[in-house]
Amino acid sequence: MTAESADAAQQESAEPAAAQPFLRLKGVRKSYPGVQALAGLDLEVRPGEVIGLVGENGAGKSTLLKLLGGIAAPDGGTIEIDGVSHTRLSVSQSIAAGIAFVHQELNLFDNLDVAANVFIGREPRRFGCLNIVDTRRQRAAVAPLLDQLGAGFSPDTLVGRLSLAQQQLVEIAKALSQQARLVIFDEPTSSLPIAESEKLLAIMARLSRRGIAVIFVSHRLTEVQRAADRVVVLRDGRLAGRLTRAEISHDRLVKLMIGRDLKVDYAAPKTARGGVALALSGIRTAAYPRQAVDLDLHRGEILGLAGLVGSGRTELARAIFGIDPVHGGGLSLDGKEIAVRSASDAVGHGIFLVPEDRKATGILLDFTVAENISLPNLDAHASNWIVSAGSERRQAEASRGELGIKVPDVATLTATLSGGNQQKVVLAKWLAMQPRVIILDEPTRGIDVGSKSEIYLLMRALADAGVTILMISSDMEEVIGVSDRIAVMCEGRISGILTRAQFSEENVLLLAVGNRVVP
Amino acid sequence: MTTDLSLEKAIGQRTHSGFVAWLVSRQIFWVLLAAVLSVIAMSLLTSTFATPNNLFNVTRNFAFVAIVGIGMTAVIITGGIDLSVGSTVLISAMTTTVIMHAGLPITIAFPAAIAASLTVGAINGVLIAIAGMPAFVVTLGMMSIARSIGMVMSNNALIYEFGPDQAILFAIGGGSVRVFGLPIPNPVIVMVLLTAITAFLFNWTRWGRHLFAIGGNEKAAILTGVPVRAVKVSVYMFVSFCAGLTGFLMVGWLGSVTTGLGSGMELTVIAATVIGGANLAGGSGTALGAVVGAGLIEIIRNSLTLLGISTFWQGTFVGGFIVLAVAFDRLRNTETSE
């Protein structure tokens, strides 16, 4: 968005701000066993305003959304809609009041067309008692909504054929068809390419011009800064602060979110990087079989791998780790060619992966901490096939001390640990095996700021000990703060490699969209 | 904050719950209790149950289901299923029969029977683990194929001539060993040994740990470098080995083989493992559970017969126990998740 349009948005928002609030929360409280998710929150939403809602994980954002959607009931306080106060909302009350959601994970049916998705559960009928779905009327009603949103697809397109950004438009069309008065976007841009994010921000502005209120939940502070009329910051279930458009700045947002000035500790390298440890020559992945990737990773360096979602970073990591078949090219480790056809091959060569989706692919939640740590390395704890529980325990205890895993006993089930501690368990299992290369895919996603610093320190300590680290990350601050060099991918190829002196958000983004770096 | 609390809770559970609480939380304990109570009740109610002869039969009968059940447990722990075990029993029995009928010694027939069974398991395993086909469909197909091949091998003749080693064969399958003066049927001895060995494998070896890892979260297991494919193939070979062993023992016990041998056995075996606490979604199960589950099913069957109740009621009881077992599992899960 340009400065002009930002100004325009501001002018427009100035007018409805005087209107009666559509929604007013007063002292809303909600606790879950052991957590005070919301501790007396007040919030007003006026027609046509765009509110940025930010806060760390666990600040209470999702709880707030659940209460508004009628999925959970508050323990106390009132929710007032158009001046009528409720102690709780049911799902149908929430829909009837005109509150609609566009979730991060979309609730669409891939096997149905756009019109059917928009009208799911409230299909227009015809032929009286025969109750046949009137698909023609359905399509006719959806077409103008899609036009309004500038969607370039027709109502009879199968949703499964649409891109993620287009599917979001379907969700928005659904909200419009329900005469929504408040549309809540829950991290809508987190998995969108940049150009698509821009379009979405423009659509939010358009909704707001029509008098529809928007709540925009996002971790991307720059977007919040651009799109929101005002920002509400939550911390520990309370209102940490409100900022008007003029007051919004990155630093102030961060300060409000975490309650203090935070300098994430990145730790500078102590040792110079060594020679080439892992060399990729002409690697082609299934996602981009025509692009051959060459990349040298040095001993003792942290190489950040940046790029947009879908640029082929994860696929490259999976190919190096032997999970996906390689369509050509080879790897060499310390100058020797190696064949990696399976994850066990990679592990055998000392190449390890810390996957992005920790709970789904990184860790066994119903194994104990000790069992998780020993799993890849059972040979070391076994003699004649028999696993020694004592040796396993000693290893886990050592890791616990070394990495600061906060757990009373290594026999605790991993499921009960926090995200940061689970990630440390994943790291611990590889550290116990004298790693040579560690690939970290989004190492701190969903981890609180405190644990982030600890994980960065650990990564640096490993690199200083001579381990090569490849870190895939979409978090710009993290990539720039942690990396020794940044390789940027675009459509399956390495579009450029930046050295520390060249590090800037702008340079990374330019390379990510395939442009050259400004000298 | 969430974590702190759940941690405290976890520690609390660990320290406050003693052995009794642990025991009571085990499904196998309740199944065992049901079995023991049935035995006591039957001993008091009838004069026919607690006779050496009847007990000998009961234990031998359930040993066959239990042996296959132990193998099935391994498959189910990994989140798989094998419907072809009944047909594998037939393949093994037929191989034994055909070879011995031709006058060859048992030292050739037994390895051949086991090899034939392992081949069935290897085919299942490769199709499931390497070709990535669903276990249910692969083994459903194999159930049909293996039975049909067994029928072809029989050449539609009922064989009860087993060549020079016939006496040895009958002694192995139908005989017994005296332990502390009590005659214990050989299949029961095999079952006990297999249970001990498998329990050991499950709890103390790399293989066992890998089974639970695969059943708990296959993706995480792959990314951790667990040789998932090899382990899965081995598991289908293991259950086929158990089925092969059973087939061989059954020939010796029955003295002849019909093409219906082992037909429908897969469902009884799966029922036994589920009653014994294995979770069809993978990740949990014990070797002893399958044995106890098989025992309970056989006691029910035998009791109904002795009480003069139509065997048609057997399915109602067994089915009831399956549903109860799963209900118990649900109950336990909701308790821990709260």
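Ala146(B) is found in helix α7 of chain B, which covers residues 135-154; helices here are DSSP runs of H or I with at least four residues, strands are runs of E with at least two, and both are numbered from the N terminus. This is a predicted model, in which local features need pLDDT of at least 70 and side-chain atom pairs count only at pLDDT 80 or more, while totals for chains, interfaces and linings use all residues. Side-chain values use heavy atoms, with hydrogens and water left out, residues are numbered from 1 along each chain as its sequence is written, and chains are lettered from A and ligands numbered from 1 in the order in which they are written.

Back to Ala146(B): with a relative accessible area of 1%, this residue is buried. Buried means under 20% relative accessible area, exposed means over 50%, and partly exposed is in between, with a 1.4 Å probe and protein chains only. Leaving aside residues up to four places away in sequence, Ala146(B) touches Ser87(B) and Ile91(B), a contact being heavy atoms within 4.5 Å. Ala146(B) and Gly293(B) are 147 residues apart in sequence, and their C-alpha atoms are 26 Å apart in space.

α5(B) is mostly covered, as 15 of its 17 residues are buried. After α5(B) comes Gly103(B), with a positive phi near 95°.

UniProt, in an unreviewed entry, places the feature "transmembrane region" at several stretches of chain B, including residues 28-50, 89-114 and 304-328. UniProt positions are given in the numbering used here, feature names are shortened, and annotations may be inferred rather than shown by experiment. In the model, residues 89-114 of chain B are 85% helix and 0% strand, with end C-alpha atoms 10 Å apart. Residues 304-328 of chain B are 72% helix and 0% strand, and here the end C-alpha atoms lie 25 Å apart.

The surface of chain B also carries a nonpolar patch with about 1100 Å² of accessible area together, and its members include Phe19(B), Trp22(B), Trp30(B), Leu32(B), Val36(B) and Leu44(B). Patches are made of residues with over 30% relative accessible area and no salt bridge; like charges are joined within 9 Å, and nonpolar side chains (Val, Leu, Ile, Met, Phe, Trp, Tyr) within 5 Å. Areas come from the Shrake-Rupley method with a 1.4 Å probe, and for residues only the protein chains shown count as cover. The elements giving two or more residues to the patch are α2 (19-24) and α3 (27-45) of chain B, and α3(B) gives the most, with 7 residues. Leu32(B) sits in helix α3 of chain B and is partly exposed, at a relative accessible area of 43%.

Chain A contains 18 helices and 24 strands. Of its 519 residues, 51% are buried. Among contacts in chain A between residues at least 6 apart in sequence, 64% join residues at least 24 apart. Chain A exposes about 22400 Å², and carbon and sulfur atoms supply 50% of that area.

Over all chains, the structure holds 21 salt bridges, each a side-chain nitrogen of Lys or Arg within 4 Å of a carboxyl oxygen of Asp or Glu. In one of them, the side chains of Arg24(A) and Glu80(A) meet at 3.6 Å, N to O. Arg24(A) lies in strand β1 (residues 23-32) of chain A and Glu80(A) in strand β4 (residues 76-81) of chain A, so this pair ties together parts that are 56 residues apart in sequence. Arg24(A) counts as partly exposed at 24% relative accessibility, whereas Glu80(A) counts as buried at 14%. Both belong to a network of salt bridges that also links Lys26(A), Glu44(A) and Arg46(A).

Arg209(B) forms a salt bridge with Glu392(A), with the closest N and O atoms 2.4 Å apart. Arg209(B) lies in helix α10 (residues 206-216) of chain B and Glu392(A) in helix α14 (residues 389-403) of chain A, so the pair joins two chains. Both residues, Arg209(B) and Glu392(A), are buried.
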